[in-house]
Structure formats: structure tokens, C-alpha cells
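I opened the notebook to record what I looked up in this structure. The entries follow the order in which I checked things.

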Amino acid sequence: GSEAMFADLGHFSYSAIQLAFTSLVYPALILAYMGQAAYLSKHHDFYSNSQVGFYIAVPDKVRWPVLVLAILASVVGSQAIISGTFSIINQSQSLSCFPRVKVVHTSEKIHGQIYIPEINWLLMILCIAVTVGFRDTKHMGNASGLAVITVMLVTTFLTSLVIMVCWHKPPLLALGFLLFFGSVEALYFSASLIKFLEGAWLPILLALILMAVMLVWHITTIKKYEFDLQNKVTLEWLLALGDKLGMVRVPGIGLVYTDLTSGVPANFSRFVTNLPAFHKVLVFVCVKSVPVPYVFPAERYLVGRVGPPGHRSYRCIVRYGYRDVHQDVDSFETELIESLAMFIKLNASYRCSEVSQSEQLEEWEPGLTVIGSNTLRDHASYDLQDSVQHSAASVEVADSPGGTGLEYNSSKQVRFFIDSLVVSPEADKQVAEELEALAAAREAGTAFILGHSHVQCKPGSSVVKKLTVVGYNFLRRNCRGPDVVLRVPPASLLEVGMVYVL
């Protein structure tokens, strides 16, 4: 079948696809089509009512072997479609273009091997529905033909954009490519549209439904982010809140999940306004999916300080590629604490070694620092044996990759050392106190603060906007929640309700 031409780059390399296509797939397709065309040119009968099929051109002696090969080819083609669908849905979900679904990584070594149970069941139901509904291979062939030629036509349009945008070729070259290949495919597309009422309507209907779901989710997600951006509060408000309301700092670490990379989210401000208490160590965590396949672990965490050092508030941006495997909660929490400890030590060493940064110390939220990169490791090349140990604090954590200036002992404890990088005694004491506060908060426990959102329309909104909001709320309730996606333990979860009026 022609499905062999469409390979999934998420599961195979470029060289493997090029070798298989040029040496096996393309010659086989050309020979098959040429043989069928030669047979029809000699034995055609336009006045006959009998249908022309592929197996009429196959000799009787090899008809059964060809049938077996066709069945095997259909199995391979269906498997390629299933795995390709998994990859597309996973990447769309990472780019906030599809509702959250369960993604199971079936291989620890090969990250591209994934399985999505909901999509697999949906494909099975659709296959059974199409077979029972049509009960005619001719209608199924019309539907398949229109889907295949539409894929070719869309690919030609996108390739012309790639020629201009990615390859930086002249627009005339891209236009010539589009006209040459697009005109041929447009003829086949128009021929397939003639059979629209005879089964070809199915792929168009499914595409419209899928596009509607993606548009509803993506547009509402963007509107929610814009609402958060417009209703965030300043850091000055958070710092002045303690004097106005008598804010209480309770033991532990509070991880506040937000999509914002600056400022304080509105749901957290409402939380502390109505309940004037939050944790002694506060971390605003922003999980971002970046449009690259993988993010190196050394470049995953960006850590900065929110407010003065005495406020014990930090900001951490965690970056994942669209094909990265998210850590479980134990390793994520451990690496986050390690990144905070490394940031505290590096921040102190930079303040002591660079006088020019004295003006930046007055700012409450300077630039973020990539924790774990090779340059920072070289700058902070700690010699724990030769260093002067002024203070130490232990934290019970699970195993996690090393290389962040932390020492592991036999009881799986992380020990933060204050070493000779810190020059000033005052800064040395400050770092020791900050690390001890971090260790004490880690031992007291960690709370994961997530927003639980509900979207409403403004009075007088259009019917389309109301339907979009209703569809988004339906998808949000019936798909995976952010706590499951972020692998937050239920015992440590604290949801803060938030109503978005869009």
C-alpha cells in the first residue's frame, strides 16, 4: 500500500527512511502502478459494469502470495499510522494545542516509543464504526484516497514554506515548487472530491472535529495566560503584604506552579489575601515546553531570587522538550532543591567577586541563572575536601544524578557545604543561614500549590465564544488534570480555585 511512503521521523532516522524509500519502496510502487496501467491499457472495457481492481492484473499463480503480502503491508501501514498519531498528539499536547492525555513511555532508552491509551481506544472505535457503517470497500477506498491526497497537498504547501523560511531560498523557487507539484496533486484532489458523498466526507468530518478540539483548547489556553498576565501582582505588593496583614510564615517549602515567568500569579495573591500564611521557603515554579525535541539536564533549570535574600522566595523555570520524559516527583523535588542550593552558593560568590553587580543587588528580581551548565560548574569547581566547612545541613532525599556540588552519603542524604568560594565572612554567614533554612524547610515537607481554574464568559459574549468556553470546560473536566501531568502526590497537593472571566 501507499502508506509505506509515509514514515514517522519520530521513530526512524533520516538515513533509514532515505535508504528504504529509494531502494525498496519507490521501485516497488513504480513497478506495481506500471503493471496495473499496462494491464488496463490492453484489457480495458469502458462499457462493462464490472469494477476494475488491483487483483485483476495479478496472474492467478501469484494471486495468493500477493494477497498475503498485501495483508502484511496493511498491518505495517496501520502500525505506522498508529505510532505517527501517538507522536503528533504528544507533540501537540506539549505545545498546548491538545487536551492533556496519558502518555506512556514504553522504553527507557528510546524516548520516541510512546503509547497513548485514550488515542488507541479511539482509533479502534473509529475503525469498527467505519467498517460497520460503510460495509463497502469502495466507500472506504474513497475515504482513504481523499485522506492520502490531502496529506500530499498539505505537505507540498508546508514544504514551500520550509523552502523560504528554513532554507532561505528565493520566494520564486518556493512558488515554482508549489505550482509544479501542487498542480498535479490538485488534479487528484479534485478527482477525489467528486466522490465526496460516496465515503470521502468521512476524513473531512474527522479533520474538522479534531481541528475544532485543538482550536478550542489552544485559544482558551492563550486567553487564560493573557488573563494571568494582566492580573498578576507586583513583587512590591507581596513584600509589603507582611506588614499589612501580619503574614505568618509556616514551616516547609511551597511550590507554586504558574505559567508566568515574572511577577506573582493572581491565584496566589488571592490565596494569601484570604489566608495570610505561606511557607518559609516559597518557590514559583514555571514548567515550560520548548519547541525542541530534548533539553539537556544541565540546561533544564533556570533559578532566580524573588525579593531580598531574607524573604526566602525564589523562581525556577523548568524546561522540557516536546519529547522529553518528565521526572517523577521524588527526583524532580530533589533536583529542584539541589538547583536552589547551587544558586545560593553561586549567587554569594558572584556578589563577592564582582563589585559591578552591587547595583543589581538592589533589584528584587534580577536575571535567572542556568543551574548545572558546564560553565557554572567550572566557575564553581568546589573542592569539598580542601574547603573550609563552616556549616552543614542534611536533607533526606531520593537518588538523583550528581554533579551539582552536593555530597551523597550512605543514608541517601544531601549535604550542603559552604566552602572557600565565599570570600566575605558576612556573605558566608548569610549563605549558611539560607542553606540551613532550605534544609529545615525540606525536612518539614513540601506543598504543591496548583491553580484549579474555571472559565466563564463575559456578559454579552458571542455564541461562538460561549460554545468555545463550554467546550473547553468539558475537555478540561474529562481529560487529565495538571496535578496528574506534573505527577504531584495527592497528599501534598493544595489547589487554589480561580475563575477566569474571558
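**Entry 1: helix α4**

I listed the buried residues of α4 and got Asn142, Ala143, Leu146, Val148, Ile149, Leu153, Thr156, Ser160 and Ile163. Buried means under 20% relative accessible area, exposed over 50%, and partly exposed in between, with a 1.4 Å probe and protein chains only. Helices (H or I, at least four residues) and strands (E, at least two) are DSSP runs, numbered from the N terminus. I noted that this is a predicted model, in which local features need pLDDT of at least 70, side-chain atom pairs count only at pLDDT 80 or more, and totals for chains, interfaces and linings use all residues. Residues are numbered from 1 along each chain as its sequence is written, and side-chain values use heavy atoms, with hydrogens and water left out.

I then looked up what the buried residues of α4 pack against, and found α3 (117–134), α5 (171–193) and α6. Contact here means heavy atoms within 4.5 Å.

I checked the length of α4 (residues 137–165): its 29 residues should span 42 Å at 1.5 Å a residue, and the end C-alpha atoms are 42 Å apart, so the two agree. The expected span is 1.5 Å times one less than the number of residues.

I picked out Lys138, which lies in α4. Lys138 is partly exposed, with a relative accessible area of 39%.

**Entry 2: helix α6**

I repeated the length check on α6, which has 31 residues and reaches 45 Å from first C-alpha to last, close to the 45 Å expected. Its buried residues are Leu202, Pro203, Val216, Trp217, Thr220, Lys224, Phe227 and Asp228. The elements that cover them include α3, α4, β11, α12 and β12.

Which residues does Thr220 touch, not counting those up to four places away in sequence? I found Val455, Thr468, Tyr472 and Leu502. Thr220 has a relative accessible area of 4%, so I wrote it down as buried.

**Entry 3: the second largest pocket**

I read off a volume of about 1600 Å³ for the second largest pocket. Of its 48 lining residues, the closest to the centre are Ser96, Arg100, Asp259, Pro482 and Val485. On a 1 Å grid over the protein atoms alone, a cavity is a set of points where a 1.4 Å probe fits but cannot get out; a pocket is an open set with protein on both sides within 12 Å along at least five of seven lines; lining residues have an atom within 4 Å of a point. Grid points are joined across faces, edges and corners, and a volume is the space filled by probe spheres set on the points.

α6 gives the largest share of this pocket's lining, 7 residues. Domain 1 (1–135) and domain 2 (233–354 + 366–372 + 413–501) both give residues to the lining, so the pocket lies between them. The domain bounds come from an automatic or database domain assignment.

**Entry 4: cavities and the whole chain**

I searched the whole structure and found 3 cavities of 30 Å³ or more. The largest cavity has a volume of about 80 Å³. Among the residues that line it are Tyr257, His326 and Arg487.

Of its 502 residues, 36% count as buried.
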